[in-house]
Amino acid sequence: MREDPILLAVYSSSFECPTKTLAAFFTQFFGGPREYEPRRWSLSLREAHQRFSIGERERVAWLRAMERALADVRIEESTRGALHWFFAQSSAFLINQPAGAPDAPIPSLEPPNEGPQLREIRQRWQELRALEEMIAALRLGRVGAVLESLQSPLIEACFSRDRAAFLSFLALLQSSGQPALLDYARLELLRSPGLVAQTYGAGRTLLHDVAGQGSPGAVELLIQLGADPNARDDLERTPCIMSAMRCMHPLAPMLYAPSFTEELISMPRKSSGVAARCTWLRAAETCRWRRRC
Ligand code: HEM
């Protein structure tokens, strides 16, 4: 990757962190340890790539790099073919340039033999696509499509394989502002109140995500169901800090003033005022995340 000027222009100066994250994604995607989950910023792979300009040129360069990586390992030809198929499909899906153009056609490249590896990868890719489509429908406010997807076997398989994805999606629903979707999330939580205590993605709880999104009704419900407002994620952030980072100060009183006050006291004195404090928190957050590799 390092030697490719096209990829150099897309990736930041250091390839180390992206390479580790990509490896963690593949490890998890292909059924290994759940190493990507704590690193996952966005539930949607497509949304995670929106901030980069990816056209056919970048896709081809990325594919070339993956081909070179595959050439370095000794694997069965059927596995190589299945991976090749997956890389071609997934990279076409992430093309976002030219902006506003219809989705790039997904190549219909098929390896000669459809072995068990390809069947498994194809199934996982279909689940991931179904999740991506459901998130896209959510962003577009297509409530009916989201509710329909939630009943689909692909989404059910996806969520039973990846419980953290289900929790992240519940959090997304809470920020939708759509009554039918809020009801769905509410019912799921009332049916399984234990969800509020579960942690996912770097030790976050639902309350962390919902507080960060600034959804007062959802925060209230989670607290009623026993969510811990002082829970700390792997980066020592409480839900209150998450809300402060997004400048959602109206939520702070709901999230336990003591922890909030404690965090504010530990900030440099000269940073007074809400805006300065938020800036400070964001900077601290960035530094911590930079250290995650
Ligand atoms: C089409 C060509 C592609 C390009 C140009 C590209 C580029 C990038 C870039 C620039 C990043 C951010 C690196 C950073 O953190 O600085 C990234 C992250 C990532 N890419 Fe890609 N990518 C491509 C295809 C893919 C494909 C096909 C997959 C998976 C099947 C993938 C999975 C990931 C993952 C998991 C991350 C980390 C996202 C996160 O932070 O959670 N990428 N990619």
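A202 is partly exposed, with 17 other C-beta atoms within 10 Å (buried means 20 or more other C-beta atoms within 10 Å of the residue's own, exposed 12 or fewer, and partly exposed in between, with C-beta atoms placed from the backbone). This residue has a positive phi of about 60° although it is not a glycine, and A202 lies in the loop between α10 (179-191) and α11. The model is a predicted one, in which local features need pLDDT of at least 70, side-chain atom pairs count only at pLDDT 80 or more, and totals for chains, interfaces and linings use all residues. Residues are numbered from 1 along each chain as its sequence is written.

The protein chain comprises 15 helices and zero strands (DSSP runs numbered from the N terminus: H or I of at least four residues for helices, E of at least two for strands). Of its 293 residues, 27% count as buried. Among contacts in the chain with a separation of 6 or more, 63% are between residues 24 or more positions apart (a contact requires C-beta atoms, placed from the backbone, within 7 Å).

Helix α11 (residues 206-213) and helix α9 (residues 163-174) have axes that come within 9 Å and cross at roughly 30° (axes are lines fitted to C-alpha atoms, for helices over the stretch in contact, and angles run from 0 to 180 degrees between N-to-C directions). The two helices are therefore roughly parallel to each other (under 35 degrees; over 145 is roughly antiparallel, 65 to 115 roughly perpendicular and the rest oblique). On the α9 side the contact is made by L167, S168, L170, A171 and Q174, which meet L206, D209, V210 and Q213 of α11. These residues divide into five nonpolar, three polar and one charged (Ala, Val, Leu, Ile, Met, Phe, Trp, Tyr, Cys and Pro are nonpolar, Asp, Glu, Lys and Arg charged, and the others, Gly among them, polar).

Helix α12 (residues 216-224) packs with α11 at an angle of about 160°, the axes being 8 Å apart. α11 and α12 are therefore roughly antiparallel to each other. In this contact L206, L207, V210 and A211 of α11 meet A218, V219 and L222 of α12. The residues involved are seven nonpolar, no polar and no charged.

For residues 202-234, the end C-alpha atoms lie 5 Å apart, and the span is 52% helix and 0% strand. Elsewhere, a cis peptide bond joins Q97 and P98, with omega about 0°. P98 is placed in the loop between α5 (77-93) and α6 (116-139).

Methods: Contact = placed C-beta atoms within 7 Å.
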